[in-house]
Amino acid sequence: MKNKKFFSAEHKKYLRKTRLNRLLISLGRWSVLLFIIGLWELSAQLALIDPYITSSPSRVAKTIIAWAKDGSLWLHSWTTLYETLIAFAISIGLGSLLAILLYLFTPVRKIFEPYLVVLNSLPKIALGPLLIVWVGAGTKAIVLMGILICIIITTMSMLQSFVAIPQEKILLLKTLGANRFQVLFKLILPHAIPDFISVLKINVGMAWVGTIMGEYLVSQAGLGYLINYGGLVFNLDTVMSGIVVLCILASLMYFSVATLEHYIHKKRNL
Amino acid sequence: MNKLLEFKNVKLTYQTKKNETIALENLSFSVFEEEFVSIVGPSGCGKTTILSLIASLIKPTSGSVLLCGQPVKNKTSSMVGYMFQRDNLFDWRTVFKNVCLGLSIQHKLKSPYIEKSRSLLEKYGLKDFENYYPTQLSGGMRQRVALIRTLATDPKLLLLDEPFSAVDFQTRLLVQDDVSYIIKSERKTAILVTHDISEAVSLSDRVLILTKRPAKIKCIKSLDFNKSLTPFQRRSDPKFSKYFNEIWEELKSEE
């Protein structure tokens, strides 16, 4: 920005316009949130809706503050976050590794392809009862549910990304004398990083789905447990507050991945 | 002049599910050191196949391909540099790192080679762009980087597979001059595969004309231009259209 003073009036006008545009958009975003919260609260206050069924922002806030005071907020949030992060990390790591192995050994890939497709289309929640019997009703079953949901999609997406690499680039490396591991490390993996980041983004959502579903099935703590419990005892304040906390945690995780993406793009000059 | 490359009665057949295609049959020719040879022929006659054989990406069905008197194999790949239609630069590597790609694969990231790459970049006007990324360069610059990447491993023989066909016409004329100048001043031998007769005439010392499939040598034209002419200057030489027409006549009778 050293030569700012040389900008023409035209350019300054353009810059002002884009700045204004950005401001308007973020203003719009916050307005939507405030409008929804406001409408919700007002309708509850004016008894247009029954807060016993719909809860209300003030009741949610009260509930969350109460949880924070008695410490259950941290217990439940941490339990779920911990399970989600473990499921997320294991499925990303193992899923990518699996994709690499399948890519390197073409016959193995061809053999397992139909199984992957079938597993991918199977609703993993159906395996819930099996998991509980096999590994017990506890954290293990919940994490395993998260992994089951994330890992197949990770493997399939990464494999697809590997296979889509232009053949001519591989040929180039071969003419330079590269062996298949050099092809993997010099080309395939770096080329797949943008796809890897999209897989991360997809899996942030998927991992939460997995753990919350797992917690619905078996758990003594966690946000999924709270929400499920709140539903069972007809305490909608608990349900809504659980969802709000979940929303905040999930967006935090998503933004961490988005920040990582931004950092990598900047580093690779994309 | 020494023989650098020799094809002896090479035959190559492709197997597909439906049938067997004979791509090359009884193909024999030689290329001498520091020579620029172009290969032209009807489309689909197996021009690229010839380059793949030299780079030992595929093996001949029978006959032999000799490089410096030795049959080509994976080990000889460092003697050959292959340039493709697209520059295939890696977007996530800087210009300098792209140039060093072959060195890092051949475990030659040592000072004499690195200095050589640096000096190549400097000599051919890319020094200031060393730390740029490929997306920041023009098409012509990208092709020059691709050529320097090919030269960095110091191959004896350059294989050019229509490397000018993916850029627009103006850039093509400029890049042809650049590439010809670089190849001449680095004293490299080059084989160019092209379907563009004017390109073959403006760049080469000899032009091999192939028959349609299965490809054999139909005839070889030696081009006798003044050595000091650049490819672009050749285009306005009276001999240019004469050679062009002779090659065109040969090709036309093949279609």
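**Close-up views of a two-chain predicted model**

**View 1. B:Gly81 has B:Leu158 as its bridge partner in β7(B).** This and the following views show a predicted model. The pair belongs to a contact between β6(B) and strand β7 of chain B, residues 157-161, in which the two strands run parallel and are joined over four bridges. Helix α5 of chain B, residues 139-152, packs on the sheet here, where α5 touches both β6 and β7 of chain B, and the direction of this helix makes about 165° with that of β6(B).

**View 2. Six strands of chain B make up an open sheet of mixed pairing.** Read across the sheet, the strands follow the order β6-β7-β8-β3-β9-β10. The edges are taken by β6 (80-83) and β10 (217-222) of chain B, and because each of these has a single partner strand, one side of each is left without a neighbour in the sheet. On average, and with direction ignored, neighbouring strands of this sheet are turned by 15° against each other. In the loop that leads from β9 (206-210) to β10 of chain B lies B:Pro214, and the peptide bond between B:Arg213 and B:Pro214 is cis, with omega at about -10°.

**View 3. Helix α6 of chain B covers residues 169-185.** At 1.5 Å a residue, its 17 residues should span 24 Å, and the C-alpha atoms at its ends are 24 Å apart, which agrees with that expectation. The residues of α6(B) that are buried are B:Thr171, B:Arg172, B:Leu173, B:Val175, B:Gln176, B:Val179, B:Ser180, B:Ile182 and B:Ile183. Among the elements that cover these buried residues are α5, α7 (197-203) and α8 (231-234) of chain B, together with the strands β3 (36-40), β7 and β8 (189-193) of chain B. B:Arg187 is exposed, its relative accessible area being 57%.

**View 4. Four strands of chain B form an open sheet with antiparallel pairing.** The order of the strands is β2-β1-β4-β5. Both β2 (20-32) and β5 (70-71) of chain B stand at the edges with a single partner strand each, so that one side of each has no neighbour in the sheet. Strand β1 of chain B, residues 3-15, runs antiparallel to β2(B), and nine bridges join the two; within β2(B), B:Val31 is the bridge partner of B:Leu5. Helix α1 of chain B, residues 47-54, packs on this sheet by touching β1, β2 and β4 (62-67) of chain B, and its direction makes about 115° with that of β1(B).

**View 5. Helix α1(B) is largely enclosed by the rest of the structure.**

**View 6. The largest nonpolar core contains 84 residues.** Those that touch the most other members are B:Leu5, B:Phe7, B:Leu24, B:Ile50, B:Ile54, B:Leu159 and B:Ile191. Helix α9 of chain A, residues 180-217, gives the most to this core, contributing eleven residues. When residues up to four places away in sequence are not counted, B:Ile191 touches B:Leu5, B:Val31, B:Val37, B:Ile39, B:Leu51, B:Ile54, B:Leu157, B:Leu158, B:Leu159 and B:Leu160. Another core, of 30 residues, lies apart from it and includes B:Cys100, B:Leu126, B:Val145 and B:Ile182.

**View 7. Chain A and chain B meet through 18 residues of chain A and 24 residues of chain B.** Between them the two chains bury about 1,900 Å², and 64% of this is on carbon and sulfur atoms. On the side of chain A, the residues A:Glu168, A:Thr175 and A:Leu176 supply 34% of the area that chain A buries against chain B, which is more than any other three residues supply.

**View 8. A:Ser55 has a positive phi, near 55°, in a residue other than glycine.** The residue is found in the loop between α2 (51-54) and α3 (57-70) of chain A. A:Ser55 counts as buried, because its relative accessibility is 0%.

Conventions:
Residues are numbered from 1 along each chain as its sequence is written. Chains are lettered from A and ligands numbered from 1 in the order in which they are written. This is a predicted model: local features need pLDDT of at least 70, side-chain atom pairs count only at pLDDT 80 or more; totals for chains, interfaces and linings use all residues. Side-chain values use heavy atoms; hydrogens and water are left out. Two strands pair if DSSP finds at least two bridges between them. Axes are lines fitted to C-alpha atoms, for helices over the stretch in contact, and angles run from 0 to 180 degrees between N-to-C directions. Contact means heavy atoms within 4.5 Å. The expected span of a helix is 1.5 Å times one less than its number of residues. Buried means under 20% relative accessible area, exposed over 50%, partly exposed in between (1.4 Å probe, protein chains only). A nonpolar core is a set of buried Ala, Val, Leu, Ile, Met, Phe, Trp, Tyr and Cys residues joined through side-chain atoms within 4.5 Å. Buried area is the accessible area (1.4 Å probe) that two parts lose on being put together, summed over both.
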